[in-house]
Each structure stands twice: as C-alpha cells, then as structure tokens.
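This briefing is intended for a reader who wishes to relate computed side-chain features to the model displayed below. Please keep the sequence and the structure in view while reading.

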Amino acid sequence: MKLEVNRHATTPIAQQLEAGIRAWIADHGAGGGRRLPSIRRLAATHHISRNAVIEAYERLVASGLVRSRPGSGFYVADSAATLASQPAATSSLEEVTNGLWGLFSASDHTLKLGCGWLPSDWREGDDLTHAIRQVARKSRSGIFEYSTPQGPQDLRDLIQERLRPLAMNADAKQIVMTGGGSHSLDLLVRMLLEPGDVVFVESPGYYNLFGLLHLQRIRVIGVPRLADGPDIERLEQLLAEHRPKLFYINSVFHNPTSSTLTPAIAHRVLQLAEQHDFQIIEDDIYADFQHTPTSRLAALDGLNRVFYLGSFSKSLSSSLRVGFIATPPTLVQRLVDIKMLTSISASRFAEQIVITMLQNGSYRKLTERLRTKLSNQMAMALTMLKKAGWEIYTEPAGGMFIWARPPSDISLERVSELAKQWEVTLSPGHLFFADHQPTAWLRLNVAYMQDPRAKAFIEAVS
C-alpha cells in the first residue's frame, strides 16, 4: 500500500492517512476480509507516529470501512466496496460547525438577528424566580441529588397531560426526560444509527443535527421542505434510490422556514415510512408557540415508528435545559440505558422548576403571552420585509422565524458588509443545508426585528 504523506500540509497526518486508505480501497476494489498493514509497519514505512496511524484506523472503523479484530489487526470491512466511494464525513468540530458559533460568541451589544432563541428582555423573571425559590426552600434533593434515570414521575405525568390536546395518548412510562432538544437528538442518534447509515433530513433544516450526524459518520440526504411539509414527490424519488433508517422532521414552525406540516402530507409521510420501513424523529420544540394544535405525526402513528421530541428551553429559559422524548414502549429501557451511560441524568433542579411552574399555572400563562407577542412581531416583520422588497419563502402562521431572501441584485458579500456595519449578526443560509450549498436565503428571528438596527439593515439591503 503506497500512501502519500505531506508533513508540511495543513491537513493533519491522520486525516491524510484516512483519505489515502479510503482511496486505496476504492481504487483497488479491496474485498472484505483483506488485512491492512499493522500500526507499527505503517508508521515505520511512512516515518510517522503510531498515534497518527491509530487515529486514522479508528476513523475508518467509525466510518464502517474497516473492522478491528482484537489481537489480530485491522481488516477491510465487507461493506467497504460501497462505502469507500462515498466522501468521508467531516469530523472536527471546526469543520462541522462551520462558523455557526459566531452567534454565541458575538458581543452582547451585537443584534443577533439570525439566532434561534428569544431576547433576554422578553424573558419574564418573576414567576421563574418564585419557582426557583420554592425549589430551593422545599426540595433539598432538587438542589443536590441526581434525578431519576427516566426523569421524575410527577413531571412525566404532567407532560402526558400536556400531550393530550395534541391527540397524543402517550403513557408517562413512554416519556424519557432529557437535558433539552439537542440532548434528545444525541441520545436517539446513538441508539438508532451506526456509521454508514442513511438519514433523510429536511432541506433547509436544523443545522445542529447535520453536524451531529456527520460527527457520527452518518450519510445525510436532504429532502426539500415546502410550505406544507417535506416535498413528497422528491421524497418518493429519493426512497427509490436509498434506504434510510431515519427521517428527521420539524412538524410545527419548522426551523428555519416556520412552515407547518399539513394532515395530507403527514399521512403520506407515514405511509411511506411503513412501506419503506424507516423511523421518524418528530421535533416539536416550538409546540408551545402554536395557538391552535395541528396534526402531529406521533399522534397519527400512535408512537409506533415515530419518536416525539419536546422542550421547555425555547419558551422558559435557554439555561434551564429540560426536554423529553416520547418513544415507542419497547425502546424506553434502551434509551434510558444510553442516557445513564452518557449523562447519568438530566438536571433535577431544572426539572423541579418546570414541575413547579406547570403545577401552579405560571408556565401556561407565560406561553399564552409569548404566543400573542410572537404573532404581533411576525405580522410587523412580514410587513417590513415586503415593503423592503425581500422575498418570503412562505408566510408563517406563527413561530419565531422567517426564511427570506434579499433582492436579487445584491451580493452575499454586500449583505455581510451591511450586517457588520449595522452591528447585526446573521445565521449564514448555507448552514441550513446538509451539503452547505451557497444560498442567499437567511433565517430572521422576528423577536429582534423591531430593533432600529434590524430595520436599518433590512432597508439598507433593499
């Protein structure tokens, strides 16, 4: 095996080795079971460290190209012929996030127009402070002890009741508490997927999931998101070419378009899931922003092949990370086992605060006020954008986001310059596509759009 290693290149040696071995397998049609050079031999041949070789082999094992046999060495996997021709997924945090964290690292005085959370001055602290004091005064265990692995029974009972208006008859035994929506996704990816598996995602869609899947060496394929849900015609075409294990969908107030799934599309997605035997993650973390409930896949499916995700972080507090998964009954224990191994439990303190606010009605009143405020902001933001000549992807019925595009005669570079000039931080549109395709579309958070800087930016771009 002849590999080229450039010690002066910016690409780490381990990644050079991985790419070289992948290319060698693809070029030579190396069949499953063929033994690869030992770590010691490969390191000596190329005058590199054994650690670099070990890292390269581990990356290939994670991608499904190579199998490790303890005491014997590394061998080409049976599936290598198919996988070797696929591009290697990015794995470094810098590659996966691709500039995303600019929203989090931006200075406090910068207007985060593209962010995915509510402004601090929208947060209502009195009820939250009262709940925190109650927990601190009445629940010593809530401050110092671990939560139960599945989550407190009383909180799961409360969530069970909150799901009934969505026509979801999930038993509390089917609910697993998590540390927010991102934690829920991480647990499900660990439980359901292996390197090399195919996952369908909506395009545009949730960028953090794309990064998580790439880190786990999952093959990600985008399905266009339309005003009524995923593009069914394109979905059927892709299903004729691929066998996904999973399809991730935002049903209500989709991120970033704020479109909502219609009953007809929901039924067809479930029919295709049954026909092609794939599972669905239904992310519904914006449910509390919806005035009148609409169709949920989990309700129509009866939590048979759908995993339902909810969260309190978007509405209550980004710092109090409380989420949950409603799962098919047979997978509850497996999900709890993975949660225990990776995080032991969620925050008991945060869970007790949510329990308090659900029981005393303050959370219900809070979300009612937020829905009204967001609806007003959405109407004003749409009017502002239309007047300025921006193109709206679809007019949302609610939620936080508008997916919009500036007039076509302005370049992306100029948009970035104007954003910097008016101290506005944006979410680059390409982050919302699994293949990071260039785009002029931008996610705008309506909760920030009445700020004078946002208005000046929108008008300057026109």
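The model is predicted, so local features require pLDDT of at least 70 and side-chain atom pairs count only at pLDDT 80 or more, whereas totals for chains, interfaces and linings use all residues. Residues are numbered from 1 along each chain as its sequence is written, and side-chain values use heavy atoms, with hydrogens and water left out. Helices (H or I, at least four residues) and strands (E, at least two) are DSSP runs, numbered from the N terminus. Burial is given by relative accessible area: buried is under 20%, exposed is over 50%, and partly exposed lies in between (1.4 Å probe, protein chains only).

**Salt bridges**

- The whole structure holds 17 salt bridges, each being a side-chain nitrogen of Lys or Arg within 4 Å of a carboxyl oxygen of Asp or Glu.
- One of these joins R348 to E145, at 3.9 Å from N to O. R348 belongs to helix 16 (residues 348-359) and E145 to the loop between helix 8 (140-144) and helix 9 (153-163), so the pair ties together parts that are 203 residues apart in sequence. R348 is partly exposed, at 22% relative accessible area, and E145 is partly exposed at 49%.
- D197 and K245 form another salt bridge, with their closest N and O atoms 3.3 Å apart. Because D197 lies in the loop between helix 10 (181-192) and strand 5 (198-203), and K245 in the loop between helix 12 (232-241) and strand 8 (246-250), the pair ties together parts that are 48 residues apart in sequence. D197 is buried, with a relative accessible area of 15%, while K245 is partly exposed at 35%.
- R364 and E368 also form a salt bridge, with the closest N and O atoms 3.3 Å apart. Both residues lie in helix 17 (residues 362-387), four residues apart, about one turn of the helix. R364 is partly exposed at 44%, and E368 is partly exposed at 35%.
- E274, D277 and R305 are linked in a network of salt bridges.

**Nonpolar cores**

- A nonpolar core is a set of buried Ala, Val, Leu, Ile, Met, Phe, Trp, Tyr and Cys residues joined through side-chain atoms within 4.5 Å.
- The largest core has 91 residues, of which I280, Y308, W390, L444 and F457 touch the most other members. Helix 17 gives the most to this core, with nine residues.
- Another core, of 35 residues, lies apart from the largest one and has V176, V201, Y248 and L335 among its members.
- I280 has contacts (heavy atoms within 4.5 Å) with residues including L246, F247, V269, L297 and F307, where residues up to four places away in sequence are not counted.

**Helix 16**

- Helix 16 has 12 residues and reaches 16 Å from its first C-alpha to its last, close to the expected 16 Å. The expected span is 1.5 Å times one less than the number of residues.
- Nine of the 12 residues of helix 16 are buried, so the helix is largely enclosed by the rest of the structure. Among the buried residues are A350, E351, Q352 and M357.
- The cover over the buried residues of helix 16 includes helix 7 (125-138), helix 8, helix 9, strand 4 (175-178) and helix 17.

**Strands 13 and 15**

- Strand 13 (residues 401-405) and strand 15 run antiparallel and are joined by four bridges; strands pair if DSSP finds at least two bridges between them. W403 has R443 as its bridge partner in strand 15.
- In strand 15 (residues 442-445), L442 and L444 point one way and R443 and N445 the other way, and all are buried.

**Aromatic pairs**

- Rings of Phe, Tyr and Trp (its six-membered ring) pair if their centres lie within 6.5 Å; planes under 30 degrees apart count as stacked, over 60 as edge-to-face and the rest as tilted. The count comes to 15 aromatic pairs.
- The ring centres of Y286 and F401 are 5.8 Å apart and the planes are at 85°, so the pair is edge-to-face. Both Y286 and F401 are buried.
- The ring centres of Y308 and F324 are 6.3 Å apart and the planes are at 40°, so the pair is tilted. Both Y308 and F324 are buried.
- One aromatic cluster is formed by Y206, Y207, Y393, W403, F432, F433 and W441.
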